[in-house]
Amino acid sequence: MSDEDQGVLWEVFIQVKAGRPYKHVGSLHAYDKEMAMKAARDLYTRRNEGNGIWIVKAEDIISSDVNDGEAFFDPSNDKIYRHPTFYKIPEGVKHI
Amino acid sequence: MEDEIKLNQFQQKIDDGIKIEPKDWMPEKYRQTLIRQISQHAHSEIIGMQPEGNWLTRAPSLRSKKILMAKIQDEAGHGLYLYCAAETLGVKREQFLQWLHEGKAKYSSVFNYPTLTWADMGAVGWLVDGAAIVNQVSLQGTSYGPYARAMVKICMEESFHQRQGFEIMVQLANGTDEQKEMAQDAINRWWWPSIMMFGPHDSESAHSNQSLKWKIKRESNDELRQRFIDKTIEQGHHLGLTFPDPNLKFNYETNHYDYSPIDWDEFWNVVKGNGAGNRQRLNHHIKAHDDGKWVREAAIAYSKKVNLKQKSA
């Protein structure tokens, strides 16, 4: 029973309402796409939580290295001019 | 030395309230504690389906049957959320099941007690799920991200369980003399086991201090137990039924209910697997797992065939 017979890992994303972004809700085990979709419906939307479901195999997700986050995101650190608060606007100027 | 620096940084993160995620560095003991605790929690949800499944075919109405079915489906879902959270710590699902079947992993001993009457479905929902909710609400703030997120989902779903249990108790408490007696008998049998669900006293609990320091647990066993007792006694008054503890009374100095000493011999007896239901629960799980073997094999064969087709297309 120690053989790997529990299927593969899939990550599940749910859109709560039309127009909203899909958000990660959790993962599940399944053997194929069709079964993954049915399991996601039964597991994550038992109370009408979803308008739509996305599923992706966990092994297909590319993620940044959390332990190396600082260096990785460093290029944007010194570009404060990308933020609106960087700019001084004369007093009295409105709607900008 | 490096480990000590890492350990300090880790503790600092915990103290700052930053969640630990699967790929973050963590002390081996933190990982092991979580593997034990989350898988035990998952097994409890799954084994917990059995005493309720016992009543599915005999629920007194179609309404109660549908509700009980929905509740059992929730327990299965909660078990799966928790297995997924536990797997992020680097242990495979197959391994968790093997440890359960070999008796190396525990589940909450409360599920080893039999559910003898329909009133037990009320008492289990009200008291056992009620105790579980107190514990789980606290665990929403646990330091391990995947565990905390699973707890948030579980807590949202779990409150229906307690309310449906209480509804059964209300119906029986307002019913015939026999029904009242049945409800009282269920409270008499489930009260102490539900109190024991919070585990040993703080002074006796082997894992508590480190777990609190690492915020795996946010409150101690005794704090959680007291919270459960305080709110449950008040609910019991509405039923007009009693609790099987003559020393249960409100203490105006502590603002909490006092209660009798707990019979820990019985607790340890049941934890160590001597409970009447322990062998039955495990055997049932093993049988269900073995009976499902051909389904898993067929599913694997089918997925291979589908993959092959897609590649050749």
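Reader: How do you know that the span of helix α7 of chain B agrees with its 29 residues?

Author: The model is a predicted one, in which local features need pLDDT of at least 70, side-chain atom pairs count only at pLDDT 80 or more, and totals for chains, interfaces and linings use all residues. Residues are numbered from 1 along each chain as its sequence is written, chains are lettered from A and ligands numbered from 1 in the order in which they are written, and side-chain values use heavy atoms, without hydrogens and water. A helix is a DSSP run of H or I with at least four residues, numbered from the N terminus. Its expected span is 1.5 Å times one less than its number of residues. For α7 (residues 145–173) of chain B that gives 42 Å, and the end C-alpha atoms are 42 Å apart, so the two agree.

Reader: What makes α7(B) kinked, and where is the kink centred?

Author: The bend at a residue is the angle between axes fitted to the seven residues ending there and the seven starting there. In α7(B) the kink is about 35° and is centred on B:M156.

Reader: Where does α8(B) bend, and which proline follows?

Author: α8(B) bends by about 35° at B:W190, and B:P193 follows within four residues. B:W190 and B:P193 are among the buried residues of this helix, buried being under 20% relative accessible area, exposed over 50%, and partly exposed in between (1.4 Å probe, protein chains only).

Reader: Why is A:N48 called exposed?

Author: Its relative accessible area is 73%, so A:N48 counts as exposed. A:N48 also has a positive phi of about 55°, although it is not a glycine.

Technical notes
Helix = DSSP H or I, 4+ residues; strand = E, 2+ residues; numbered from the N terminus.
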